[in-house]
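Subject: Structure for you to look at

Hello,

Here is the structure I said I would pass on. My notes follow below it.

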Amino acid sequence: IVLFASLAFGLIVGLALSYNITSRLTHVVNAAKSLSNGDLSVELREASGDEIGELVAAFQQMIAYIRNVAHVSETVSAGDLRVNVTPLSEQDVLNHSFKKMIAYLQGIAAVTERVSEKDLHAQVVPKSDADVLSLSLAKMVTNLRAMMTEIEQQSWLKDGISQLSMELSGDVALKDVCQKAMSFVAHYVKAGSGALYVYNTL
């Protein structure tokens, strides 16, 4: 009877321990499944100091890490590039990649801001042939430079013609007109001197 009672007690204790371990591990497995589906609201609470407690603590750290990455992603997607990313270690590939990506976007934003302020001296250096954003931005800056150069040239020519017209206005003899025109043009184009040749067919 004593042996039977001991065996029964041992069985009951074993079953209780097994149920306790299984229940706690099931909770962790369910949390892992929820996390794999993108549910970051999952919560794990475990205060024990055994191996399962250590497993839960490590899992909690992983959840906090993923939540932080998600927060950074959401912040950047909202257009806020002031977010700061600090990799946890040299092996933290995800945060290192995020940090590089944010630095890249900040560089693009800095160039576009300079261009919006009419500063077309900004240099855009694509990281590779696949860097579509930088390549497009570089092309845009180049086209804007060409456009501004053309506008400046047209403005310079238009202003020169207007000033020449005013210079030659009035009742002036042909010789004086030629002299004034040559003098003005030479000065306007910053030439040292000017000459006008008349071809006489007679």
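Start with a pair of charged side chains: Asp80 and Arg82 meet in a salt bridge, at 2.9 Å from N to O. Asp80 counts as partly exposed, with 24% relative accessibility, while Arg82 counts as exposed at 74%. Please keep in mind that this is a predicted model.

The other salt bridges

By the rule used, there are 3 salt bridges in the count. Arg67 forms one with Glu43, and the closest N and O atoms of that pair are 3.4 Å apart. Asp119 is partly exposed at 23% relative accessible area, and Arg114 is partly exposed at 36%.

Overall layout

The protein has 5 helices and 0 strands, which gives the pattern α-α-α-α-α when read along the sequence. Of its 202 residues, 19% are buried. Among contacts with a separation of 6 or more, 47% are between residues 24 or more positions apart.

Helix H3

H3 covers residues 93-116, 24 residues in all. From its first C-alpha to its last it reaches 35 Å, close to the 34 Å expected at 1.5 Å a residue. The buried residues in H3 are Asn95, Phe98, Ile102, Tyr104, Ile108, Val111 and Val115. They pack against helix H2 (51-77) and helix H4 (132-167). After H3 comes Lys118, which has a positive phi, near 70°.

The nonpolar cores

The largest nonpolar core has 10 residues: Tyr104, Ile108, Val111, Val115, Leu120, Ala122, Val124, Leu137, Ala138 and Val141. H3 and H4 are the elements that give two or more residues to this core. H3 gives the most, with 4 residues. Apart from this core lies another, of 9 residues, including Leu35, Val42, Ile52 and Ile63.

A buried charge

Asp92 sits in the loop between H2 and H3. Asp92 is buried and has no salt bridge. The nearest side chain of opposite charge belongs to Lys99, 10 Å away. Which side chain makes a polar contact with that of Asp92? It is the side chain of Tyr65, at 2.5 Å. The side chain of Asp92 also reaches the backbone nitrogen of Leu88 at 2.9 Å. Leaving out residues up to four places away in sequence, Asp92 touches Tyr65 and Pro87.

If you open the model, Asp92 and its polar contact with Tyr65 would be one place to begin, and the core to which H3 gives 4 residues another.

Regards

Note on methods. Residues numbered from 1 in each chain as written. Predicted model: local features only at pLDDT ≥ 70, side-chain atom pairs only at ≥ 80, totals over all residues. Heavy atoms only, no water. Expected span 1.5 Å × (residues − 1). Buried < 20%, exposed > 50% of the residue type's maximum accessible area, 1.4 Å probe, protein only. Contact = heavy atoms within 4.5 Å. Lys, Arg positive; Asp, Glu negative; His and termini not counted. Salt bridge = Lys/Arg side-chain N within 4 Å of Asp/Glu carboxyl O. Polar contact = N/O pair within 3.5 Å; in protein donor to acceptor, adjacent residues only side chain to side chain. Core = buried A, V, L, I, M, F, W, Y, C linked by side-chain atoms within 4.5 Å.
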